[in-house]
Amino acid sequence: FMKPQGFKFSFAQVITALSGLFLAILVTMVPNIFEMLGHGSKIKFEHVATLKLRDFPIELAIKVSDVWTNSISFLDKSPDLDRHKRTSMRHAIESKINAIDPIVETMGDFYSASWWEK
């Protein structure tokens, strides 16, 4: 069973191990490799999308803080302002609130691209 001179790998064992290693690295780096081979689509490195998720909470916090600051300023100055200035401030706040949705949608897209981390 065990020879004193040690174990020697055969050529078939080395080739099998190296091809398995190559396949594992390929599937890890490009998770959609089998889908691409079937449809001929472009390579997507979806695992890189998870690295982009770390910046979104900071960006969301800045946007929400800006909305709160402008809203409090609007409520504080509202009685002293004329109708046109109030309307312009209200629309500015609304545009800042609407600017939050694309960030949340992009963050959701990046999160759904990393399906293996759920």
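Reply: The accessible surface of the chain comes to about 9,500 Å², and 65% of that area belongs to carbon and sulfur atoms; accessible areas come from the Shrake-Rupley method with a 1.4 Å probe, and for residues only the protein chains shown count as cover. This is a predicted model, in which local features need pLDDT of at least 70 and side-chain atom pairs count only at pLDDT 80 or more, while totals for chains, interfaces and linings use all residues. Residues are numbered from 1 along each chain as its sequence is written, and side-chain values use heavy atoms, with hydrogens and water left out.

The chain has 6 helices and 0 strands; these are DSSP runs numbered from the N terminus, helices being H or I of at least four residues and strands E of at least two. Of its 118 residues, 18% count as buried, that is, under 20% relative accessible area, with exposed meaning over 50% and partly exposed in between (1.4 Å probe, protein chains only).

The largest nonpolar core consists of 7 residues: Leu 53, Phe 56, Leu 60, Val 67, Ile 100, Ile 103 and Phe 110. Such a core is a set of buried Ala, Val, Leu, Ile, Met, Phe, Trp, Tyr and Cys residues joined through side-chain atoms within 4.5 Å. Helix H4 (56–77) and helix H6 (100–113) are the elements that give two or more residues to this core. Beyond its neighbours within four places in sequence, Phe 56 is in contact (heavy atoms within 4.5 Å) with Ile 103, Thr 106, Met 107 and Phe 110. Across the chain, 53% of contacts between residues at least 6 apart in sequence join residues at least 24 apart.
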